[in-house]
Amino acid sequence: MGCGMGKSELQLKKGDRVTISVPAATAIRAALLIQRWYRQYVARLEMRRRCTWNIFQSIEYAGEQDQIKLYNFFGFLMDHFTPASSERNLISHIFRKNEICRDTEWERHFCYKSIEVSASCTGPHLTFPMTFSGVSKLVEAFKHKQQLHARYVLQLLGETWRLLRILPNISHVSACRAKPITICGDLHGHLEDLLLIFYKNGLPSSEKPYVFNGDFVDRGKNSLEILLILFGFLLVYPNDVHLNRGNHEDHIVNLRYGFTKEVLGKYRVHGKTILKLLQKIFSWLPLATVIDDKVLIVHGGISDATDLGVIARVDRHKVRETPKVNRIWLFGEVAHPGSQSISASGDTKGKDVDEWKQIVDVLWSDPMPQNGCIPNEVRGGGCYWGPDVTEEVLGRHDLQLLIRSHECKQDGYEFCHNRRVLTIFSASNYYEVGSNRGAYIRMGPDLVPHFIQYQASKTCRELTLRQSVGWTERSALRALREQLFAHKSDLIGAFREFDPNNKGLISLTHWAGATERVLNLGLPWRVLRSQLVSSTPHGMVDYQQWIRELSITEPKLEVNNSILETMYKNHSNLETIFRIIDTDNSGLISFEEFRQTWKLLSSHLKTEISDRAIADLARSIDFNKDGSIDINEFMEAFRAHFFYFDLKNSFIQSLGISVTLLHEGI
């Protein structure tokens, strides 16, 4: 009964197509809507990614500028130092002449032979002279987180120093079809990036030459391992492995950005000796590499005064620290505290300053889109140079391409100046997991660069684009809030200029302008408003409430707020000075050294801090009451108290992103 079809008739055979009739116009309209939605979605993510990038880069450059200001202050001290100065002992610590051995005493002072390697040593054992097999075993050992014994470290560094002394300032290499050259940029202690490069491209050898373009150390956790690997391959293949010096191959910069702390943590007994030897090695690293007389490779860049002839002749080992203060430190036998003056003629000093500037420009400079050459005020050292300078300098030296590093790029590389300047950066995830790719170059006899990009973090490779952007965005905003908190008194003062009736409310425009004037980071504050300010009723910002929201759990120290805020704002400078005056690298400084440090910092900042306030602070942070201050505990006291603040804001930020995505229909 009935006229329905049987069940067997309803079943479709495997492979049969089901056609749903949809008008063509409707299908096209739907496809266009999906395409438009997706493009808007990607555009919003890209805008967030670029804003995050600007935050990271602005904070990084502000830190470098602060470091240069500290250098310049040290230079001021040397210029105005007299034997009667109350800070004589402190300044003597900073400018200690006897720390640097003469070459004739070098071998004896850094002798490794008295250091015994016990039979129970689990790390790699090296034999000298170094071989490819020996360095390969070293790579494998570091891959499995083993540590090289201090005897072998000193022996390897000593051999490296002997080799570097006979190398020229500018290395000249040739590319051929059978031996393309691999060029790597900044590694910054990211051992996983170096291992990934070797995995993808092969280990250095006579058939696989490499150029490593500086900044091997600082920021990452494995700077020393990277140096030992690169120095090992340099010893085995001195004609096929080329190392250029970067601006972070500088022992004063290392005090601020982590390398000094890393070495002393890994080698508590011999760390100080290792650091002294590395200081000498850094000053002997070559400054540039030229491929087939057509491609110039330097770490930072050039200026309108760059002259490769001068760079080729300069005594590079005289330049141990590169920023501006080095007119005091470097050339010849420089006066030490208590002496009368620098014993050099005006002509010699003028020549020295010119040579010093050539090296600073090579290590610190950045390209800019506008023509001209101006001081690099963002970093505080080197210059910004434009396309016209690129054309002039390359043309004058008959070069066709400049390869440089020094700047993190989101894709690992970037062309500028009509593709005549190429930036290469090899440390992936530099600011945060997912913040950027790393890259390296392969170049054959046609001198055309071919790029290989990568992400060393497995976590990052598993993240979606939205997750990656969200992760890095939260990290950038956390760093930005720390900057805002450190300047809260200055911010309140700037906001009150626009609040004559003291109502606690200012316009969004005034909030953005005042915040930029105080922090000077060049950020789009109006765009960031939704991420930083919880609410803006009627376009007004309750800045008093906002400052309270920025506040964090402060260290329980018996000090006034002005000193506490000064410590937050200048903790990196404090740590740098502390580590300079910690002459035995014990991590401890006396109350008197602490007092002198604060007097030095207050002079640098042009602020008044009484001896009583400093004494109260010293007693408050002498946690075990032994009459000395542990540098690491002191600095950690200020880092750790952002922890709760970070968790709270990360949750709020995640919630805010979710609400935004729901609102946008994503």
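Which residue is the bridge partner of valine 290 in β6? In this predicted model, the bridge partner of valine 290 in that strand is leucine 296. The report begins with the whole protein and then returns to this pairing.

**Overall composition**

The protein contains 27 helices and 18 strands. Of its 666 residues, buried residues make up 52%. Among contacts between residues at least 6 apart in sequence, 74% join residues at least 24 apart.

**The six-stranded sheet**

Six strands form an open sheet with mixed pairing, in the order β1-β5-β6-β10-β12-β11. Its edge strands are β1 (170–173) and β11 (413–416), each of which pairs on one side only. Neighbouring strands of this sheet are turned by 20° against each other on average, direction ignored.

Strand β5 is joined to β1 by four bridges, and these two strands run parallel. Strand β5 (residues 288–291) is also joined to β6 (residues 295–297), by three bridges, and this pair runs antiparallel.

β5 and β6 form a hairpin with three residues between them. In the turn, aspartate 292 has a positive phi of about 50°.

In a regular strand the side chains alternate between the two faces of the sheet. Both faces of β5 are covered: Ala288 and Val290 are buried on one side, and Thr289 and Ile291 are buried on the other.

In soluble globular proteins, nonpolar side chains tend to be buried together. The largest nonpolar core here has 59 residues, and Phe212 and Leu278 have the most contacts inside it. Elements that each supply at least two residues of this core include α5 (132–143), α6 (150–164), β3 (210–212) and α11 (271–284). Helix α8 gives the most to this core, with ten residues.

Leaving aside neighbours within four places in sequence, phenylalanine 212 is in contact with several residues, among them Leu187, Leu194, Phe198, Leu230 and Val241. The contacts of phenylalanine 212 also include His242 and Asn244. Apart from this core lies another, of 34 residues, among them Trp53, Phe495, Leu523 and Trp546.

**Glutamate 192**

Helix α7 (residues 191–201) contains glutamate 192. This residue counts as partly exposed because its relative accessibility is 41%, a value between the limits of 20% for buried and 50% for exposed. The C-alpha atoms of glutamate 192 and isoleucine 226 are separated by 9.7 Å, although the two residues are 34 residues apart along the chain.

**A helix pair**

Helix α17 (residues 465–486) packs against helix α20 (residues 525–532) at an angle of about 100°, with the axes 12 Å apart. That angle makes α17 roughly perpendicular to α20, because angles of 65 to 115 degrees count as such. On the α17 side the contact is made by Glu473, Leu477, Leu480, Arg481 and Leu484. On the α20 side it is made by Trp525, Leu528, Gln531 and Leu532. The residues of this contact divide into six nonpolar, one polar and two charged.

Methods
Residues numbered from 1 in each chain as written. Predicted model: local features only at pLDDT ≥ 70, side-chain atom pairs only at ≥ 80, totals over all residues. Heavy atoms only, no water. Pairing = 2+ DSSP bridges. Axes fitted to C-alpha atoms, helices over the stretch in contact; angles between N-to-C directions. Buried < 20%, exposed > 50% of the residue type's maximum accessible area, 1.4 Å probe, protein only. Parallel < 35°, antiparallel > 145°, perpendicular 65-115°, else oblique. Contact = heavy atoms within 4.5 Å. Nonpolar A, V, L, I, M, F, W, Y, C, P; charged D, E, K, R; others polar. Core = buried A, V, L, I, M, F, W, Y, C linked by side-chain atoms within 4.5 Å.
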